[in-house]
Amino acid sequence: MDTLLTILGIIVGIVVVVAILAAVAPKAYSVQRSVVIDKPCQQVFEYVKYLRNQDNYSKWVMTDPNKRMTYNGTDGTCGYSSAWDSDVKQAGKGVQTIENIVDGERIDIRVVFIKPFAGAADTYIATTPVTDNTTSVTWNFDSKMPYPMNMMLLFINMEKMLGADMNESLANLKRVVEKL
């Protein structure tokens, strides 16, 4: 009987620790990266507003060249969506949809992840002229983790993990667009 009470006490203790950690952990995170591209702002924006162009620069999109893709709507316009389904765990399954466009300035995209983990993120890519022939591109990624899964944010550095992928993608974007 004492062994059973000890085991039960350990289980209750673990549950209480997890509940407390999840209660104090952040529920949301935001990661932002930028790059300067040696092309005029409108030309850069005209490239990034098309989700299909992510095939040429996004590390996440390029993770599995054999993923199954479906498209709905007119690329570069509000409501357009691209969905992917991959057998590669890192690519998973999901859909991204253009939510809003401010011509020449910003495209807002909603990303819904289905597998390997369910989740959603609001992202945007903004272009700002630095000079007549130079553009700053900012990519922002905002997401939330529900309680108690948000406890993982205490142990996972999303800034470092996602930021590295975003930096690689923006370097790819710079290389591709400057060749145009």
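In helix H2 (residues 41-48), the buried residues are Cys41, Val44, Phe45, Tyr47 and Val48. Viewed along the axis of H2, these buried residues fall within an arc of 160 degrees, so they line one face of the helix. The model described here is predicted. The cover over the buried residues of H2 includes E1, E4, E5, E6, strand E7 (134-144) and helix H3 (158-179).

**The sheet.** Seven strands make up an open sheet, arranged in the order E1-E7-E6-E5-E4-E3-E2 with antiparallel pairing. Its edge strands are E1 and E2, each of which pairs on one side only. On average, neighbouring strands of this sheet are turned by 20 degrees against each other, direction ignored. H2 packs on the sheet and touches E1, E4, E5, E6 and E7, while its direction makes about 160 degrees with that of E6. Helix H3 lies across E1 and E7 and runs at about 25 degrees to E1.

| Strand pair | Sense | Bridges |
|---|---|---|
| E1 and E7 | antiparallel | 10 bridges |
| E2 and E3 | antiparallel | five bridges |
| E3 and E4 | antiparallel | five bridges |

Val31 stands opposite Phe141 in E7. Tyr71 has Ser82 in E3 as its bridge partner, and Trp84 has Gly94 in E4 as its bridge partner.

**Strand E3.** Strand E3 (residues 81-85) is mostly covered, with five of its five residues buried. Both of its faces are covered: Ser81, Ala83 and Asp85 are buried on one side, and Ser82 and Trp84 are buried on the other.

**Arg33.** Strand E1 (residues 28-37) contains Arg33. Arg33 has a relative accessible area of 17%; because this value is under the 20% cut-off, Arg33 counts as buried. Its side chain makes a polar contact of 2.5 Å with the side chain of Glu159. Apart from neighbours within four places in sequence, the residues in contact with Arg33 are Val137, Thr138, Trp139, Glu159, Gly163, Met166, Asn167 and Leu170.

**A cis peptide bond.** Lys115 and Pro116 are joined by a cis peptide bond, for which omega is about 10 degrees. Pro116 is located in the loop between strand E5 (106-115) and strand E6 (119-131).

Conventions
Residues are numbered from 1 along each chain as its sequence is written. This is a predicted model: local features need pLDDT of at least 70, side-chain atom pairs count only at pLDDT 80 or more; totals for chains, interfaces and linings use all residues. Side-chain values use heavy atoms; hydrogens and water are left out. Helices (H or I, at least four residues) and strands (E, at least two) are DSSP runs, numbered from the N terminus. Buried means under 20% relative accessible area, exposed over 50%, partly exposed in between (1.4 Å probe, protein chains only). A polar contact is a pair of N or O atoms within 3.5 Å; within protein, one must be able to donate a hydrogen and the other to accept it, and residues adjacent in sequence count only if both atoms are side-chain atoms. Contact means heavy atoms within 4.5 Å. Two strands pair if DSSP finds at least two bridges between them. The arc is that of the directions from the helix axis to the C-beta atoms. Axes are lines fitted to C-alpha atoms, for helices over the stretch in contact, and angles run from 0 to 180 degrees between N-to-C directions.
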